[in-house]
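Thanks for coming. I have one structure to go through, and I will keep it short.

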Amino acid sequence: KLHKFMCLSISERGTTTVQPFAFSLQFTFNCKISRFNRVSGNISFSVEVKNLEKHYEQCDGFPVACRFCDQLVARSKMDAHCSEEAEGTCPKTAIKCEFSEMGCRFQCERKMMAEHLENDMSTHMQLLRRKNIDLFQKLFKAEKEHQDALRCLKEAQGRKLKP
């Protein structure tokens with residue numbers, strides 16, 4: 001599995017140099033365990049051979065394949081990559097429509113959402129209209145309750161002032 005995207009060369013000192021090549025242009029290794037050397041745009045680091053497999057299992061900067069899209073992503077960035085929130089970048093993560101708070105129940109892969117938003121614009125506008133009407137009704141009711149409370153307060157103050 002590792003040979004799919006890593007190139008290993010063992011030195012005389014019992015260490016190995018690991019150079020990423022399949023993702024060198026788009027990937028930044030950020031490893032707290034190893035010593036780094038930047039070589040012509042690629043990043044290499046040294047670890048003891050006996051610890052290499054353990055290092056791969058623990059290294060936050062080690063690239064792992066996304067369970068949805070198979071893209072190589074640093075282990076520490078996988079949660080953000082697969083996030084259902086706006087900061088997520090995985091095209092195959094299932095996300096809710098951005099109008100879900102207005103009542104849209106549509107869910108799809110991130111890469112398909114733009115099509116849904118374009119095709120269902122009319123539905124979304126209706127949802128927004130209904131939500132807007134509901135908010136205005138709640139605001140009107142709150143204003144009325146506020147006015148009633150002020151009137152009661154003034155009446156109570158008026159009664160206290162009269163002997």
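This is a predicted model: local features need pLDDT of at least 70, side-chain atom pairs count only at pLDDT 80 or more; totals for chains, interfaces and linings use all residues.

Residues are numbered from 1 along each chain as its sequence is written, and side-chain values use heavy atoms, with hydrogens and water left out.

The chain has 4 helices and 8 strands; these are DSSP runs, H or I of at least four residues for helices and E of at least two for strands, numbered from the N terminus. Along the sequence their order is β-β-β-β-α-β-β-α-β-β-α-α. There are 163 residues, and 28% of them count as buried, meaning under 20% relative accessible area with a 1.4 Å probe and protein chains only; exposed means over 50%, and partly exposed is in between.

Now the cores. A nonpolar core is a set of buried Ala, Val, Leu, Ile, Met, Phe, Trp, Tyr and Cys residues joined through side-chain atoms within 4.5 Å. The largest one has 7 residues: Ile95, Cys97, Phe99, Cys104, Cys108, Met113 and Leu127. A second, separate core has 6 residues, among them Cys69, Val73, Met78 and Cys82.

Next, the pocket. What lines the largest pocket? Its lining consists of Glu84, Glu85, Ala86, Ile95, Lys96, Cys97, Glu98, Arg110 and Met113. A pocket here is an open set of points on a 1 Å grid over the protein atoms alone, where a 1.4 Å probe fits, with protein on both sides within 12 Å along at least five of seven lines; lining residues have an atom within 4 Å of a point.

Two residues remain. Thr93 sits in the loop between helix H2 (78-82) and strand S7 (94-96). Why does Thr93 count as buried? Because its relative accessibility is 3%. Leaving aside residues up to four places away in sequence, Thr93 touches Phe68, His81, Cys82, Ser83, Glu84, Cys108, Glu109 and Arg110; contact means heavy atoms within 4.5 Å.

Asp70 is in the loop between strand S5 (63-65) and strand S6 (72-74). Asp70 is exposed, with a relative accessible area of 59%. Although not a glycine, Asp70 has a positive phi of about 65°. Most residues other than glycine have a negative phi.
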